[in-house]
Amino acid sequence: MQHARALALDLALLLPAGPAAEARRMSRILARRSGDATIALGTRACLPHVTLAMAPVTEGRVEEAAAVLASVVGRRLPIALALTGISTVETARGRLVSGFDVAPEAGLIALHREAADALAALAADEDPALCTGEGAAPDPSMVAYVRDFLRTSAYARYFPHVTLGVGAAADADAAVAFPHPFEVRAAALCHVGNGGTCRRVLAEIQI
């Protein structure tokens with residue numbers, strides 16, 4: 001019998017219209033600067049988002065992960081967040097990636113912990129399949145990041161942010177002033193692509 005593959009899943013908060021448009025604008029700027037459009041934020045795919053938790057989940061348990069989205073995340077919406085600035089980090093592959101920092105408010109941290117606990121109960125201990133574009137090879141470092149997220153990037157190591165693109169950016173590049181408050185009223189279960197993008201939405205909730 002064929003083994004069910006694990007998918008790279010992300011329980012994510014989706015940005016409302018204003019901050020999402022600014023994230024897409026910054027993504028285009030970074031793509032032009034770096035010549036790397038791996039992270040090209042859009043309105044139908046690669047949605048601007050704040051990751052709550054990632055994990056490999058077998059295809060047969062995706063509906064359970066969608067139920068977590070509805071029960072754990074859905075009952076905490078709406079949630080007030082704020083963009084606090086822009087940071088640039090170096091990835092395991094030596095690339096610079098920039099993103100909006102998100103204030104680690106108590107409500108967000110509590111939601112992250114609950115989402116991580118629930119996703120951990122469904123997680124498979126194996127390399128997950130990424131959702132890549134046609135002809136694109138999966139990035140091994142992204143596969144490892146999703147596989148290890150609950151061990152290496154969650155709980156005390158959780159760093160809420162909105163990934164914008166490859167390359168260096170600073171607060172001065174933004175068209176908004178920081179801190180920039182906003183309210184999240186939507187969330188999604190996404191199949192993760194290269195660059196940590198929410199490339200394909202598997203389930204979504206809005207209030």
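Tutor: What follows starts with the pocket and then turns to the elements around it.

The model is predicted: local features need pLDDT of at least 70, side-chain atom pairs count only at pLDDT 80 or more, and totals for chains, interfaces and linings use all residues. Residues are numbered from 1 along each chain as its sequence is written, and side-chain values use heavy atoms, with hydrogens and water left out.

The largest pocket holds about 770 Å³ of space. A pocket here is an open set of points on a 1 Å grid over the protein atoms alone, with protein on both sides within 12 Å along at least five of seven lines; lining residues have an atom within 4 Å of a point, and a cavity is a set where a 1.4 Å probe fits but cannot get out. Points are joined across faces, edges and corners, and a volume is the space filled by probe spheres set on them.

Of the 28 lining residues, Val-89, Thr-91, Tyr-145, His-161 and Thr-163 lie nearest the pocket centre. By class the lining has ten nonpolar, twelve polar and six charged residues (nonpolar: Ala, Val, Leu, Ile, Met, Phe, Trp, Tyr, Cys and Pro; charged: Asp, Glu, Lys and Arg; polar: the others, Gly among them). At least two lining residues come from each of E2, strand E3 (79-90), strand E4 (96-102), H4 and strand E5 (161-166); helices (H or I, at least four residues) and strands (E, at least two) are DSSP runs, numbered from the N terminus.

E3, E4 and E5 belong to an open, antiparallel sheet of four strands in the order E5-E4-E3-E6, where two strands pair if DSSP finds at least two bridges between them. E5 and E6 are the edge strands, each pairing on one side only. On average, neighbouring strands in this sheet are turned by 35° against each other, direction ignored; axes are lines fitted to C-alpha atoms, for helices over the stretch in contact, and angles run from 0 to 180 degrees between N-to-C directions. H1 lies across E3, E4, E5 and E6, at about 30° to E5.

E2 is in another open sheet of four strands, E2-E1-E7-E8, also with antiparallel pairing. E1 (residues 6-14) and E7 (residues 186-192) pair antiparallel over six bridges, with Leu-9 opposite His-191 in E7. H4 (residues 140-152) packs on this sheet, touching E1, E2 and E7, and its direction makes about 90° with that of E2; contact means heavy atoms within 4.5 Å.

Thr-163 also lines the largest cavity, along with Ile-39, Leu-41, Leu-47, His-49, Gly-195, Gly-196 and Thr-197. That cavity has a volume of about 30 Å³, and its lining has three nonpolar, five polar and no charged residues. Thr-197 is found in the loop between E7 and E8 and is buried, with a relative accessible area of 3% (buried is under 20%, exposed over 50%, partly exposed in between, with a 1.4 Å probe and protein chains only). Apart from neighbours within four places in sequence, Thr-197 is in contact with Thr-38, Ile-39, Cys-46, His-49, His-191 and Val-192.
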